[in-house]
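Here is a short briefing on a ligand and the residues that surround it. Have the structure open as you read, and follow along group by group.

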Amino acid sequence: MTAEGIRWGEAAAQAWQAARPLVALESSVLAQGLPVPANREADARMRAAILAHGAHPVITAVVGGRLTAGLDGADLERFLARDGVGKVSARDLPVAALRRADGATTVAATLAIASAAGIEVFATGGIGGVHREPAFDESADLAELSRCSMVVVCAGAKSILDLPATLERIESLGITLVGYRCDEFPGFFTASTGLRVPARIESPQEAAGLLRHARAMRRPGAILVVQPPPSAEALPRELVEQAVEEALQAARASGVRGAALTPFLLGAVERHTAGRSLRTNLALLEQNATLAAQVAIALSDTP
Ligand code: PSU
Ligand code: MN
């Protein structure tokens with residue numbers, strides 16, 4: 001099946017035909033963001049959480065140059081083994097198509113594919129944002145959030161970023177930001193950042209209502225729903241701040257820039273927290289998948 005040039009995976013196509021609520025997932029977190037074998041655990045836990053709540057998971061990717069909704073089977077295995085799979089942001093999609101390449105989609109590229117496929121909800125760990133350094137390194141995730149009409153569930157943006165600047169850009173770009181049962185913008189590994197969100201919601205139904213209102217107003221962008229990591233797995237702020245400082249120093253020393261920077265910083269933080277950040281990461285991915293499934297169900301109840 002094709003819609004807007006999208007190739008649907010078999011299970012995803014069946015779920016779509018059966019009008020099951022769908023939740024989009026990114027593939028860059030599997031192929032670049034998390035190490036092997038934690039990436040396989042993340043995939044299993046997110047899928048299971050979404051299915052258990054009555055929705056259907058749809059991983060987006062570029063497979064042999066084709067925009068894909070529903071990465072599965074041998075293709076998914078190649079991505080989990082990260083066999084010749086590059087990191088693909090929104091701008092890279094035409095190049096990956098031309099080269100018939102495999103590409104793991106970032107939040108930005110996932111938004112582009114999922115919104116073209118007509119999927120309304122997307123769960124991820126943390127979005128990209130404004131980097132502390134070098135100047136002008138701002139993730140394409142933000143620009144894409146400003147143009148794709150979807151509910152995006154995440155645990156804020158990672159503390160490797162400049163969070164106050166990221167919040168300012170979210171405002172400038174007109175992205176609707178709400179805390180799910182929280183008043184602070186979470187720092188991905190940490191529940192608290194001291195930064196307030198402009199509004200708070202209490203239920204998946206309210207998240208669904210926001211998307212419906214935004215669409216009725218012809219607002220182009222996303223509804224960004226943030227929630228802190230599960231409290232049992234959240235890390236102390238000082239520990240994360242120290243780890244980020246050391247990670248940034250290492251990035252400076254080895255001159256890492258561009259698309260390689262985010263995966264590099266994530267890996268460095270994981271080493272400096274002796275793997276604790278990895279457990280946090282897996283737990284919040286699962287929690288976000290669960291909430292996204294509930295939002296997808298709520299949306300299917302309110303046409
Ligand atoms: N957050 C995570 N793990 C990740 C990423 C974010 O917890 O792997 C990835 C996402 O795919 C996000 C990307 O879209 O990093 C941002 O990269 P950049 O800063 O190069 O835009
Ligand atoms: Mn960048």
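With three residues, helix H2 gives the largest share of the shell around ligand 1. Keep in mind that this is a predicted model. Helix H2 spans 28–33, and together with helix H11 (261–272) it belongs to the helices that each supply at least two residues of that shell.

**Who surrounds the ligand**
- The residues around ligand 1 number 15, and those that come nearest are Glu-26, Ser-139, Asp-141, Lys-158 and Thr-262.
- By type, the shell around ligand 1 holds seven polar residues, four charged ones and four nonpolar ones.

**Polar contacts to look at**
- Glu-26 places a polar side-chain atom 2.6 Å from an oxygen atom of ligand 1.
- Lys-87 has an N or O atom in its side chain that is 2.8 Å from an oxygen atom of ligand 1.

- Ligand 1 exposes 470 Å² when taken alone, and the protein buries 94% of that.
- The site that holds ligand 1 is the largest pocket.

**A residue in helix H11**
- Leu-265 is part of helix H11.
- Is Leu-265 buried or exposed? Its relative accessibility is 1%, so Leu-265 counts as buried, the cut-off for buried being under 20%.
- Between Leu-265 and Arg-147 there are 27 Å in space, C-alpha to C-alpha, and the two are 118 residues apart in sequence.

Methods. Residues numbered from 1 in each chain as written. Chains lettered and ligands numbered in written order. Predicted model: local features only at pLDDT ≥ 70, side-chain atom pairs only at ≥ 80, totals over all residues. Heavy atoms only, no water. Near = heavy atom within 4 Å. Polar contact = N/O pair within 3.5 Å; in protein donor to acceptor, adjacent residues only side chain to side chain. Areas by Shrake-Rupley, 256 points an atom, 1.4 Å probe, with all protein chains shown as cover. 1 Å grid on protein atoms, 1.4 Å probe; cavity = no way out; pocket = protein on both sides within 12 Å on 5 of 7 lines; lining within 4 Å. Sits in = over half its atoms within 2 Å of the grid points. Helix = DSSP H or I, 4+ residues; strand = E, 2+ residues; numbered from the N terminus. Nonpolar A, V, L, I, M, F, W, Y, C, P; charged D, E, K, R; others polar. Buried < 20%, exposed > 50% of the residue type's maximum accessible area, 1.4 Å probe, protein only.
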